[in-house]
Structure formats: structure tokens, C-alpha cells
Amino acid sequence: MANRQAPYPFSNVDAHPDPGRLIDILYSLRSETFYVSYKQRLLELLRARPGQRFLDVGAGTGDAAGKLSATIGVDVVACDLAKVMCAEMRKNGPRQVAVADVHRLPFRDAAFDGVWADRVLQHVEDPGHALGEMVWVIRPGGRIVVFDPDSGTQALNIEDQRLAARVLSLRQAVSLRHSTVARRVPGILTALGLQEVHVETRTLLVRDREAVDRVTSIRGWADAFADLGRLERAEARRFNILVEEAIRSGRFLYSVTYFLTSATVAGHHG
């Protein structure tokens, strides 16, 4: 089937040939232990208190915004560049939803007590500029929390490691605009003058055969790259065979490390 994967699919969801599939991917991940755990930690790092106001950038389906609002009693604005995502999140609880580009946030300076972006910066055009915009709308003393994978840390165990490396490199080049931005975030925030810059790592490890499809969608990777002309069809077929063999024999392993970075905005904006 053609068009299994458009280049940088989450960078322009509205233009994707099947945005509903991208929404389904987000829903399929929300009950996975890895995602539940890091999302809980992300919200903890915001240090939210009742009555405060927060911004969720690239909020997707709006689950996290709804949870923070309901459990802590804070006011949350959920924004996303994609109109289709904003329509979806309106079903999930956030009372304030805005179609907004993180490069040009339509909010006044120091409007929020904290801002977070969950798996967003890897998809945006200019991560450094986006972080600057996020920082500017946070009041002095407020918090920013960012979570993204560093796809340069990917590991995949199949019999042909050269082919595995080729497909993983395509994952970096085709699926994501900024596949290693996560490692740059702490330095960018430090350069912006933020304090208490703190980094934690979380590694997603997939070996369970049931989780292979739920978490990685790996069975579709090679065919998608072949559809885009980035991988020979014979290579895609071989990759699929080797993945199936690794899963069947219990030798399959996929991992990628994520960086969870938090910081505090200084006492006044520079």
C-alpha cells in the first residue's frame, strides 16, 4: 500500500494522508507502562499547585492537560499546531484549547506558571526558537519540562545488523525532523539563562512480542521507507523476515533512550 508513511508525519498532522492513524498511535501508547511512568514524572517536575496556570505545547489528544487540571486543580491551556488534534483534544477534557504554532505562541509574556512539551521538539522546525518562545510565556520562577527521545541511541537486534542500522538511520532521517534534539535541550535552556536545569533519562525497552506492534510499529517501518523510495523493496522484505524471525525466536530487542529535562525560569526575563 502506498503512502504508509509521509516524511516527518507528526510535523504536519493536518497534511498527513491519514491523520486518524496518528491519533490512534497516541491513544495506543497512553496505557503502556513506560509512557504512564514518564508522564507522571513529567507532571511532578512542573511542581504544580492549585490555582496556577499551565500550557501544554503540542498537546496531542489532551490527556495530560486534562489529568493535571483534574488532579491538581490548575488551569491548563492545551495547544497544538494541528487542527485535527485540537478537535480531538476537545473531547478529552481540556477546557481551553488553542490552535497555535510553538514558534509564535499567541500568549502574553509571563502568562503561565509552567509549560511542558511532551515528544514535541523532535517534530518542530526550529527547536531552539520554540524553547525560547516557551520560556518567554513563563512567569519568573515558573517551570518548563521537556521530554523527547534521542533517536541516536536506538538499538535493534535482528540477524543482519548492517540492515538494522540502515533502517534505524532512516527512522532518524525520515520520521523525525530533529532526531537528537533531546541531548541539546539542557544546553539550550542553560544558554537561555534558566536555573535548576535537571536531566533524567528513561530507556524504552521492547522485547515482549505483544508490545512490538503496540509500541514500535516496527513491522511497517521498512515498507514505509520503500514506499518513499528510500529503501530497496528487497531490503524491506528481508528486514521484515528478520524481524519476524527475531520475534518468533525470542531474540528481538528494540530500545531508545529519552531525555526528561526540567528547569526554572530566572527571577526576571533578560
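**Rings and a helix face**

Visitor: Why does Phe-107 count as buried?

Guide: Phe-107 has 18% relative accessibility. Buried means under 20% relative accessible area, with over 50% exposed and partly exposed in between (1.4 Å probe, protein chains only). So Phe-107 counts as buried. This is a predicted model: local features need pLDDT of at least 70, side-chain atom pairs count only at pLDDT 80 or more, and totals for chains, interfaces and linings use all residues. Residues are numbered from 1 along each chain as its sequence is written, and side-chain values use heavy atoms, leaving out hydrogens and water.

Visitor: What makes Phe-112 buried?

Guide: Its relative accessible area is 1%.

Visitor: Why is the pair of Trp-221 and Tyr-254 called edge-to-face?

Guide: Their ring centres lie 5.5 Å apart, with the planes at 75°. Rings of Phe, Tyr and Trp (its six-membered ring) pair if their centres lie within 6.5 Å; planes under 30 degrees apart are stacked, over 60 edge-to-face, the rest tilted. So this pair is edge-to-face. Trp-221 sits in helix α9 (residues 221-227) and Tyr-254 in strand β7 (residues 253-264), 33 residues apart. Helices (H or I, at least four residues) and strands (E, at least two) are DSSP runs, numbered from the N terminus. Trp-221 and Tyr-254 are both buried.

Visitor: How do you know that the buried residues of α5 line one face of the helix?

Guide: In α5 (residues 127-136), the buried residues include Pro-127, Ala-130, Leu-131, Met-134 and Val-135. Seen down the axis, the buried residues fall within an arc of 135° (taken from the directions from the helix axis to the C-beta atoms), so they line one face.
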